[in-house]
Amino acid sequence: MSKSNTMKLLALFAIASMVLTACGGGGEPAATEPVAGGAKVTSSGFECPEPNPRMEVTSKELNIFVWTEYFPQDMLDCFELVYGIALNRDEYSSNEEMYAKVSAGGSAYDLVQPTDYIIGLMIRQNLLQELDRSKLPNIGNFDEGWMNQDFDPGNKYSVPYLGGTDAIVVNTDTVENIPQSWADLWKPEYAGRMVFIDDSRAVIGLTLLTLGYDVNTTDPAQLEEAKAKLAELVPNIKVFDSDSPKTALIAGDADLGMVWTGEAFIANQENPAIQYIYPTEGPILWQDNWVMLADAAHADAAYAWLNYTMQGDVFWLTIRDFQYTNPNTAALEYAKANYPDVYNAYADSSITNPPAEAVANGHGIKDVGDATPLYDDIWVEVKGQQASADSGPPQFGILALGIVVIGLVAWAVYRWRQNKANAINK
Amino acid sequence: MNPHRRHPFILSSAMLVYVFLYAPILVLILFSFNASRANITFEGFVPKFTDRVVMDGSLVKSSPCGPFHWFCELSKNQDVLEAAGNTLTIAFTSTIISTIIGTMAALALQRYTFRLKPFSQLSLYIPIVIPEIVMGIGILTLFSQLFGLLNNALGLAGDSRLSLGLGTVIVSHIAFSVPFVTLVVQARLQGFDKSYEEAAMDLGANEWTTFRRVTFPMILPGVLSGGLLAFTLSLDDFVITFFTNGPGSTTLPIYVYGLLRRIITPQVNALSTVWILAVFTAVLLLQWIQTREQKL
Amino acid sequence: MLQRLRENKPAQGTLLAAPTLLWMIGLLIIPLLLTSVISFGRRSPDGDVIFTFTLDNYTRLLGYSTDCDIGQASCFNPLYMQILWRSLTLAFNTTVLVIALAYPLAYFIARAHPKRRNTFLFLVLIPLWTNFVIRVYAWMMLLRTQGVINLILGWLAGLFNVPFAPLEMLYTPGAVLVGMVYEFLPFMILPIYTSLEKIDNSLYEAAADLGANAIKTLWRVTLPLSMPGVVAGTILVFIPVMGTFIVSDILGGRQVILVGNLIQRQFLDARDPTFGSAASLILMIMTLIVTYFYTRKFGFGEEIVAA
């Protein structure tokens, strides 16, 4: 390349990148200009409620590490608009993944959202800091039934976010015999048609239930049995997906499976034939919570976020966008009063509002302490097995082709070497 | 004359391979105009232009941008712009630094003998051949342990705490770019005719002037290729960035991967189309420059 | 001091190479050493590393678990060897297919009119420079049950009145293979092209003069001389395939576990960094061995550079 042209090209690139960086980089708060009256409006037209109460914040940014498909965009935008803080969000799709990144150290997150059972582990590892109740005035908005759970007595470290169940999801149009229990999923007629969430404790747990054991057993013999039983099921599962399992159902890539509340609700909205069934052995109950990391650099912004999202007029957005079981009574009342359609869709659905017997029959996952590696090992080994009886003949064809190619290559190399040797000898 | 040049087998198989290469890309671009938000099948183009977005279930019936609805959504997406900005910043910084130190290293390896030479040569080959995940995990482990130690020892807290972020990503990118730059420049130096330098020295130039006026311009094409290679590697890197990034340092590849983990709307396709167009433009630009070169 | 520096050539060399050397030591050698150290450690119940010296992780990879006393049927668990074998065969199959597809195209470009060669090359570069993840996603759209391929096949079946059930292509090992081939195809085209392009036309003329027909020329002239390119391309394809985890994650439905997936999961899901480090090290050693033998026989050519 001639020097002048290259210089021009480089200059062009440099300018382009500086323009882009100035426009987008550096964490500026989201979307639109404030409306004349001072109310903040997000890019989708949602008018942001004022923080109540408004907290004192000096930090300029907040780093949260959260589940995928869990936050209404309006909630995120509104926080940035009303407080002027840049919100950086990274996502994960399993508790184990979150734990690995947080415990490895070096991460800069302030808030994370563990599910109930892993909080005990995080407390033991001194990863969390105790929450200052005086900075959480809105904590009274939560239903008492969700507070003071045995994974965090007195809510010293955590506040609830959303809860739900894991149960069977079925496309009633494409599946003839609708499964009624976890054990039914082992039936050969479902082979190659199922989507499961990629959650070790939940999947191992449901296997234990089919054997009549407790989902939190630490008995190695029982776990061995579960491993063998699970090894029969895994080849029948077409896809493991904890990011957006509803996609496989809606797209028709899978006909049934095991997913969370919210995914089933949205799938059902897209296609009413997709139904959620609480198995006879009992669904798995869970609750996600906010915790603050021990070395959080922006604690004040974190408290501001927690309080703001706990407000009824903000939290109701989850009832609108990501329908899980909602522990926030203020949000439920606000939705009931102002958006009855949204509220009724939530209240009437057995997905988000499970019937009492299902809840009574349900099982919660708990921390198993030292037995954790046993569960982890089962998961890796069972999933490491090869999937369904796959490409037999094509595999051989390719192998044969490969042998031919290798033969060719070897021959060509032999000739090349010979030519070289001849050339040298001359 | 080559007997195979127009052989129908060669021509047809070559064309088939091109079709194989481009079919997915074309489908990708087509779907970025998809009227269906669920993006499972192609439901046609968004027909009307109105001043509001009107949806019917997951079908977009009309939009201010018409068929370009998803591109408009993309432009309103602050996260994308931030990721793009990050990607370019990282690419530029790591390219400049790795080109400079890589060229220096190439000169050293090609022209001098010193005790650490074999070790350097070997350690430069390793990143080229090992899988990225091995390097990524290693670097992550290093940073985790190192930051943990330093943060405790120096009592850092709050914003001054060392953590994964833009800095760690840039440093890691330099680590895998430098070997490539060095290799390219070394290859260029191998065919280098020393007589030019000797002539310059004979004419009275000192070493620095010789380098500046004779050596450097002659190896410049190699340096630039190396730089271009480093830029491309950094721009497209996923694995190493995946392990070393932190909040606020998301790059475009990581962002696209994140998008795939949520409901996949045609916005992902729109982003892909924009990316492909950018690459296409860059390639056209390069070709234009090359043809201008050849004419000179 | 500067004068002394001027005279001391080796010192100059060291100085020039110093920054790069520091970088490599800091971000390559030390991390690899750390990984090695951790791989000999033991894992605590909470997922931390206990720094001791034990070969447990390596024996586990080979299949021999040291705690056999929890009622297992046998102590030998060939799971990890199976994963390794699966990755090797996938890498091998991918490389073979890629060579089969890349060679005709590279040949075509090399033999094309010099003015048009650049255009053809650039047509190959565009997919290469398009983001990796995007290209994998594109195949999702083609392969899914209601995807484009099934759509076309269904339409064709309709034309000929043939009964048609959509092919289950996505989330199978076949999908992973196709995805890998697609991702790495451009990496083979360029090196083969480079070495083909170097072949002097006069060689072809000589062969023709000596009475060789097309096939013979291909066999005796073209193929042997393009070997360095094929070898370089093989290294550029085989090794990354062994370590990639995205393609098998996205296109395989998280069901196809390759070595790359194993390593990633050990660190992220299974919370066993010691085992993951051991697997990572074994992978690296294997690739280094393969590369060593290859370059010993064929030389580390500029073809890699050209790519």
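**Note on the predicted model**

1. A residue is called buried when its relative accessible area is under 20%, exposed when it is over 50%, and partly exposed in between (1.4 Å probe, protein chains only). The structure is a predicted model, in which local features need pLDDT of at least 70 and side-chain atom pairs count only at pLDDT 80 or more, while totals for chains, interfaces and linings use all residues. Residues are numbered from 1 along each chain as its sequence is written, chains are lettered from A and ligands numbered from 1 in the order in which they are written, and side-chain values use heavy atoms, with hydrogens and water left out.

2. Aromatic pairs. Rings of Phe, Tyr and Trp (its six-membered ring) pair if their centres lie within 6.5 Å; planes under 30 degrees apart count as stacked, over 60 as edge-to-face and the rest as tilted. Over all chains, the structure holds 47 aromatic pairs. One of them is the edge-to-face pair of Phe79(A) and Trp305(A), with 5.1 Å centre to centre and 90° between the planes. This pair links distant parts of the chain, with Phe79(A) in helix H2 (residues 73-83) of chain A and Trp305(A) in helix H9 (residues 299-310) of chain A, 226 residues apart. Helices (H or I, at least four residues) and strands (E, at least two) are DSSP runs, numbered from the N terminus. Trp305(A) also counts as buried, at 0% relative accessibility.

3. A second pair and a cluster. Tyr276(A) and Tyr278(A) form an edge-to-face aromatic pair as well, at 5.4 Å centre to centre and 75° between the planes. Both Tyr276(A) and Tyr278(A) are buried. One aromatic cluster includes Tyr70(A), Phe71(A), Phe79(A), Tyr83(A), Trp305(A) and Tyr324(A).

4. Charges over rings. A charge sits over a ring if NZ of Lys or CZ of Arg is within 6 Å of the ring centre and within 35 degrees of the ring normal. Arg54(A) lies over the face of Tyr83(A), 4.9 Å from the ring centre. Likewise, Arg201(A) has its charged end over the ring of Tyr117(A), 5.3 Å from the centre.

5. Salt bridges. The term denotes a side-chain nitrogen of Lys or Arg within 4 Å of a carboxyl oxygen of Asp or Glu, and the count over all chains comes to 21. Arg54(A) forms one with Glu50(A) at 3.9 Å, N to O; Arg54(A) is partly exposed at 47% relative accessibility, and Glu50(A) is partly exposed at 45%. Another joins Arg193(A) and Asp255(A) at 2.9 Å, N to O. Arg193(A) lies in the loop between E4 and strand E5 (194-196) of chain A and Asp255(A) in the loop between helix H7 (246-251) and E7 of chain A, so this pair ties together parts that are 62 residues apart in sequence. Arg193(A) is partly exposed, at 22%, whereas Asp255(A) counts as buried, at 13%. Salt bridges that share partners also join Glu69(A), Lys246(A) and Glu263(A) into one network.

6. Strand E4 of chain A. Why is strand E4 (residues 158-171) of chain A described as largely enclosed by the rest of the structure? The description applies because 14 of its 14 residues are buried. Two strands pair if DSSP finds at least two bridges between them. E4(A) runs antiparallel to strand E9 (residues 284-292) of chain A, joined by seven bridges, and Gly163(A) stands opposite Gln287(A). With strand E7 (residues 256-260) of chain A, E4(A) pairs in the antiparallel sense over five bridges; there, Trp260(A) is the bridge partner of Asp166(A). Four bridges join E4(A) to the antiparallel strand E8 (residues 274-277) of chain A, where Tyr276(A) is the bridge partner of Val169(A).

7. Chain B. Three strands form an open sheet of mixed pairing in the order E1-E3-E2. Strand E1 (48-49) and strand E2 (54-56) of chain B are the edge strands, each pairing on one side only. E2(B) and strand E3 (residues 59-63) of chain B are antiparallel, with three bridges, and Met55(B) has Val60(B) as its bridge partner.

8. Chain C. Helix H12 (residues 259-268) of chain C is mostly covered, with ten of its ten residues buried. Leu167(C), in contrast, counts as partly exposed at 41% relative accessibility and lies in the loop between helix H7 (148-159) and helix H8 (173-197) of chain C.
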